[in-house]
Amino acid sequence: MINVAVIGYGYWGPNLVRNFVDNHSTDVSYVCDIDKSRLKMIKQKKSQIKSVVDYRDIIKDDNVQVVAIATPVSTHYKIAYDVLNAGKHVFIEKPMTLNSSEGKKLIELAEKKNLIIFVDHTFIYTGAVKVIKDLLTSNEMGDIYYFDSVRVNLGMFQHDINVIWDLAPHDFSIMDYLIAEKPAFISSTGASRISGKVEDIAYISLRFQSGLIAHLHVNWMSPVKIRKIIIGCSKNMIVFDDLNVDEKVKVYDKGVKLMNVSREKLYRNLVQYRIGNMYSPRIESTEALKAEITHLADCVINGKRPVTDGEAGLRVVKLLEAAQNSLRKGGIFVKI
């Protein structure tokens with residue numbers, strides 16, 4: 001049995017505790033939070049779990065093998081470094097760190113100690129994203145032309161990070177997992193309309209060397225909640241609507257074909273539209289976090305490398321860092 005400690009029992013912490021307790025290979029021995037009222041809640045639900053205010057009390061216990069970090073991103077590096085230095089595997093919330101320099105240091109320490117960094121890019125473990133990955137690696141879709149995502153809602157304003165660092169990690173991690181080619185340039189624009197301090201709305205564009213483009217819209221000020229990704233390909237197109245309970249993924253046999261192509265007579269070119277069938281593939285209904293923890297346990301027990309390891313976490317942080325750099329420079333394209 002893998003003994004786990006969870007640091008941070010706020011929004012995501014209770015979900016972590018529930019799934020670690022329910023998994024047949026893991027159990028929770030500690031929960032840590034600086035808010036004592038939160039610790040009272042865990043005592044009422046799981047009296048056998050020890051509760052502490054100082055996370056350093058956890059890393060002193062040799063029986064703890066994995067520490068899950070669900071605290072504000074500004075604290076990730078310090079806590080994760082201390083945990084790794086104490087010889088324990090790390091499960092860390094997104095984004096992994098506040099900058100790539102911190103991420104690299106954590107990866108170096110983990111490799112030196114022969115430990116695992118498991119980044120909680122939850123969407124990678126959803127049935128929907130797994131199905132999309134299978135579709136894109138088959139011959140069914142053809143070449144990828146564009147990746148377009150909208151992740152907006154009203155509320156959940158953060159005080160220490162802007163909307164890019166809060167919401168874009170989801171779509172960056174999905175894009176990184178689905179598309180083998182990595183983006184070369186990024187541009188981002190945004191505005192702070194509520195607090196006047198951190199951006200609450202942003203638009204991000206990415207360019208790839210192959211000509212592939214990507215666009216992300218993230219927003220805390222939308223009157224409606226939207227979680228949608230459209231992937232346009234040469235043969236078919238995919239729509240991933242995470243809020244659609246019955247048909248999260250739809251595959252459209254739609255596209256265009258340019259006829260009578262010639263540089264001299266471009267104005268005569270005819271566009272032929274292809275409109276075929278739409279189908280929705282079957283999606284596995286297993287909770288993503290449950291699948292994550294099963295994968296984590298397998299990696300710890302059998303010495304495997306996680307799908308969302310430290311390197312995957314670092315790639316997402318680099319994208320966030322570059323987007324932030326572009327934002328500060330007025331939206332110009334910057335090299336990643």
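His-89 counts as buried, because its relative accessibility is 14% and buried means under 20% relative accessible area, with over 50% exposed and partly exposed in between (1.4 Å probe, protein chains only). Now, the ground rules. This is a predicted model, where local features need pLDDT of at least 70, side-chain atom pairs count only at pLDDT 80 or more, and totals for chains, interfaces and linings use all residues. Residues are numbered from 1 along each chain as its sequence is written, and side-chain values use heavy atoms, leaving out hydrogens and water.

Back to His-89. Where does His-89 lie? In strand S5. Helices (H or I, at least four residues) and strands (E, at least two) are DSSP runs, numbered from the N terminus. What does His-89 touch? Contact means heavy atoms within 4.5 Å. Leaving aside neighbours within four places in sequence, the contacts of His-89 include Gln-65, Val-83, Ile-116 and Val-300. A polar atom of the His-89 side chain sits 3.0 Å from the backbone nitrogen of Ile-116.

Next, the partner strand. S5 (residues 89–93) pairs with S6 in the parallel sense, over four bridges. Pairing requires at least two bridges found by DSSP. Val-90 is opposite Ile-117 in S6. Phe-91 is opposite Phe-118 in S6. Look at S6 itself, residues 117–120. Both its faces are covered: Ile-117 and Val-119 are buried on one side, Phe-118 and Asp-120 on the other.

Finally, the whole sheet. Six strands form an open sheet with parallel pairing, in the order S3-S2-S1-S4-S5-S6. S3 (50–52) and S6 are at the edges with a single partner strand each, so one side of each has no neighbour in the sheet.

Conventions
A polar contact is a pair of N or O atoms within 3.5 Å; within protein, one must be able to donate a hydrogen and the other to accept it, and residues adjacent in sequence count only if both atoms are side-chain atoms.
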